[in-house]
Amino acid sequence: MAIVLEDVSKTYEVKGRKVEALKRLSLTVEEGEIFGIIGFSGAGKSTLLRLINLLEQPSSGSVSVNGTELGALSGEKLRTKRKKIGMIFQQFNLIESKTVYQNIEFVLKASKYEKKEVKSRIEELLALVGLSDKADSYPGNLSGGQKQRVGIARALANHPEVLLCDEATSALDPDTTKTILKLLKKINRELGITIVLITHEMEVIKEIADRVGVMTAGEIVEESDVYSIFSHPGHAVTKGFVQDIYDFSIPPHIQLNDNSDVITIKFLNENAEANYVNQLYRHFDCDISILNGRIEYIQDMPLGFLMLHVQGEAQEITRLKAFIDESKGIERAEIYAETI
Amino acid sequence: MQRLSEITPLLYRALLETTLMVSISIFFAVLIGLPLGILLYITANPLLFRIKPLNQVLGAITNVIRSFPFIILIVAIMPVATWLTNSSHGPVFASVALSIAAIPLFARLVETSFNGVGRGVIEASIAGGASLMLIITDVLIPEARRGITQGITLTIISIIAFSATAGVVGGGGIGDLAIRYGYYRYDTVTMIATVVALIIIVQLVQLIGDFLTRRQEGN
Ligand SMILES: Nc1ncnc2c1ncn2[C@@H]1O[C@H](COP(=O)(O)OP(=O)(O)O)[C@@H](O)[C@H]1O
Ligand SMILES: [Mg+2]
């Protein structure tokens, strides 16, 4: 277990008013995984993340990283531990008056890195993030994506065990976001660094996370592997975040009554058989037409949707629904469409 | 024209005196004002070294000194200046008061330029395990370099302005010359010559300051 938060609360006092940013929250992040936390702005994500390197002290509860209880650390010991916990930020937070090289050198200096090895370590890091030719550039002359690469190189400089990412791609365009996420995934897989990332974008979670926690009002209301979050969202907030892929609207000309119904089926993992619709045609005395369909790949596993218009005897339609409900790996989906 | 050649030696001497006073005062303003500015900043910043009472005491002292009209400051610290310089007049003697006036001014300018350093970059440095000392020397000061350079420029110009009053303790200098000859004796030529000299000096300081600031933009 890389990171264990136990019953942590964090209350800020703002002008005499108490703001509960975290409410008795517990969370375990496994070693080597990429754990995503998604939530709207103000949910408490940044506060949670900042507890993990003690940029914030919890009001109560305990935080431990790779077996070390952080609350027990201070001064030099805390600084040493922090070197093993890298962090990157939405706004990159580079030292503008230092070159790319000097920015990385700074954290090596902080850790009293073996002087003779500083240069080769920086070169190694720059190669890892693909910025070898930018060593002498100033942050002001770099693009957002390049700045985040510097941020990543800096965060990795002292061989951390954990990398914390606070909205690391939120200031980047979609293409750059993809390349940065790929880089983070590579770092996770190749260097075995545990990553905790927070975001308000489901795309980011879908792209990179192994497991995900959904956060709202200082609590984690749902936690599971990413595929399940998409295929079986439970909490209303989770449904809101995955709603895009469930967003099928029912064409206006379709009448809904006992003899005419719209059924959206959800195909899970590889269970979906290609000839499933064929089976429906064959086994049921109904008119079936396809209205809409889509396949999402989540962690390379397909999650498919097919929206069907079924017309026939009410009894036959009921039988068809029951058949779908009994089919393995196939479910009826709740959709978020309003009938126009 | 003849009057002008008469006052040239006077001007020259005044120029030397001003240079001496400014040099001594800016030296101490930076030597003491920079650490004071750093202290003012870090004792107010919850990320770094917040000690509210200390910050309030330092802030109060700074404000009190800055509220003194310069002429009163000179008189008030006369005993200290006498003890320090072993004299009771002259440019070196005047430099004590000038330094004391310039230190809190520069400290506040330093503090202001630190306030312009992003909270994020400080947090990133802390997250990277940097010590307070390293953050001061390698983040705060380099990031605030432009503001600090501008602060030095502004402080020098303020010292030149203050130094006009230095005449009351025989400090001399160009400002003093302007007041003594130009103002009290209605000597228009000297007055114009000294004012022009002052304008040139201030312009020059500003130009050099701006040049150095621009050179430090980091790229
Ligand atoms: N330093 C702080 N002082 C006071 N309130 C804060 C502070 N940091 C965060 N908060 C409050 O805590 C809540 C959670 O904030 P945050 O963790 O930044 O949320 P998120 O990152 O999910 O947007 C918000 O209501 C925010 O206003
Ligand atoms: Mg946030």
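**Chain A at a glance**

Chain A comes with 11 helices and 14 strands, taken as DSSP runs (helices are H or I with at least four residues, strands are E with at least two). This is a predicted model, where local features need pLDDT of at least 70, side-chain atom pairs count only at pLDDT 80 or more, and totals for chains, interfaces and linings use all residues. Residues are numbered from 1 along each chain as its sequence is written, and side-chain values use heavy atoms, with hydrogens and water left out.

**Overall build**
- Of the 340 residues in chain A, 53% are buried (under 20% relative accessible area, 1.4 Å probe, protein chains only).
- Take the contacts (heavy atoms within 4.5 Å) in chain A with a separation of 6 or more: 71% of them link residues 24 or more positions apart.

**Surface**
- Chain A exposes about 15,700 Å², with 46% of that from carbon and sulfur atoms (Shrake-Rupley method, 1.4 Å probe).

**Two domains**
- Chain A splits into domain 1 (3–243) and domain 2 (248–339), with bounds from an automatic or database domain assignment.
- Their C-alpha centres sit 40 Å apart, and the contact draws on 10 residues from domain 1 of chain A and 14 residues from domain 2 of chain A.
- Together the two domains bury about 1,100 Å², 53% of it on carbon and sulfur atoms (accessible area lost on being put together, 1.4 Å probe, summed over both).
- On the domain 1 side, A:K206, A:Y227 and A:K239 supply 54% of the area buried against domain 2 of chain A, more than any other three residues.

How values were computed. Chains lettered and ligands numbered in written order. Buried < 20%, exposed > 50% of the residue type's maximum accessible area, 1.4 Å probe, protein only.
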